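Dear colleague,

I am passing on the structure below for your own work. My notes on it follow, starting with a single residue and ending with a sheet.

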Amino acid sequence: MLGKDPVSGLDVVVKAGRFGPYIQLGDPKDYAEGDKPKRAGIPKNMSPGDIELEMALKLLSLPREIGRHPETGEPITAGLGRFGPFVRHEKTYASLEAGDEVFDIGLNRAVTLIAEKILKGPSGRRFGADPGKPLGDHPTLGGVAVKGGRYGAYVTAGGVNATIPSDKTQETITLEEAIVLIDERVAKGGGKPKRGAKAKPAKAAKPAKPAKADIDATAPKPANKAAAKKIRRKTEIRCRQQGARAGDREDLAG
């Protein structure tokens with residue numbers, strides 16, 4: 001037992017449960033029939049033996065309502081879950097980041113975390129293209145918008161993207177500041193390159209195959225160069241003999 005709740009007068013105790021230690025306010029007999037005692041899990045970075053009444057009451061106060069969302073009017077709450085502290089708006093849960101405190105996080109910060117979570121989608125990755133927030137028109141590039149990207153917020157116009165420096169935010173940057181950033185990006189050669197089809201190199205023409213010499217289909221193929229030379233020599237002699245005989249026949253005929 002840690003003490004009594006100053007509001008309800010019920011006992012505040014630390015108990016061991018199936019899923020780890022937790023804090024409980026009162027006993028079942030202190031509640032109406034069918035109601036269960038209010039409980040709060042103890043964060044993993046806290047030891048049950050070190051929990052004091054003040055911290056126990058803070059944990060029992062969760063989830064707490066931070067305020068109403070400025071666009072929907074629905075409440076935004078802060079609480080502790082299986083994966084740590086979070087803020088919730090309707091069905092959207094966003095984990096707190098380093099420096100955020102679940103017990104005193106403000107409405108503006110909570111709205112920002114919710115908006116970033118919606119842009120990233122339920123899996124933590126951005127789904128589709130971020131339409132961005134329009135700021136106005138660039139003198140030459142058309143409409144200017146601010147968007148949240150994978151590597152941080154940036155401004156864009158006419159296909160030119162410029163990262164927002166750390167001293168400015170996505171929510172507070174003005175049109176004039178965005179135009180300056182875009183112009184600086186253009187000056188550095190940061191314009192969007194035009195994509196053209198790459199010309200394919202012409203294929204080299206294949207050399208024509210040399211005509212095959214007429215050969216005697218019945219002539220045996222030479223086994224080597226020496227045999228081929230011998231065959232050519234015999235062919236030349238035979239041709240000469242045939243030519244000589246033809247000449248003799250012509251002389252006799254004459």
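Glutamine 24 lies in strand E3 (residues 20-25), where helices (H or I, at least four residues) and strands (E, at least two) are DSSP runs, numbered from the N terminus. Please keep in mind that this is a predicted model, in which local features need pLDDT of at least 70 and side-chain atom pairs count only at pLDDT 80 or more, whereas totals for chains, interfaces and linings use all residues. Residues are numbered from 1 along each chain as its sequence is written, and side-chain values use heavy atoms, with hydrogens and water left out.

Glutamine 24 counts as buried because its relative accessibility is 1%; buried means under 20% relative accessible area, exposed over 50%, and partly exposed in between (1.4 Å probe, protein chains only). Its side chain makes a polar contact with the side chain of arginine 39 at 3.0 Å, and a polar atom of that glutamine 24 side chain lies 2.8 Å from the backbone oxygen of glycine 26. A polar contact is a pair of N or O atoms within 3.5 Å; within protein, one must be able to donate a hydrogen and the other to accept it, and residues adjacent in sequence count only if both atoms are side-chain atoms. Leaving aside neighbours within four places in sequence, glutamine 24 is in contact (heavy atoms within 4.5 Å) with Asp11, Val12, Val13, Lys15, Pro37, Lys38 and Arg39.

Leucine 57, in helix H1 (residues 53-60), counts as partly exposed at 24% relative accessibility. Not counting residues up to four places away in sequence, leucine 57 touches Asp5, Pro6 and Val12.

In helix H2 (residues 107-120), the buried residues are Ala110, Val111, Leu113 and Ile114. They cover an arc of only 165 degrees around the axis, taken from the directions from the helix axis to the C-beta atoms, which puts them on the same side of H2. What covers these buried residues includes strands E5 (64-68), E6 (75-81), E7 (84-89) and E8 (92-95).

Finally, 4 strands form an open antiparallel sheet in the order E9-E10-E11-E12, two strands being paired if DSSP finds at least two bridges between them. Strands E9 (133-138) and E12 (160-163) stand at the edges, each with a single partner strand, so one side of each is left without a neighbour in the sheet. Strand E11 (residues 152-157) is joined to E12 by 4 bridges, and the bridge partner of tyrosine 154 in E12 is threonine 163.

Best regards

Key: Expected span 1.5 Å × (residues − 1).
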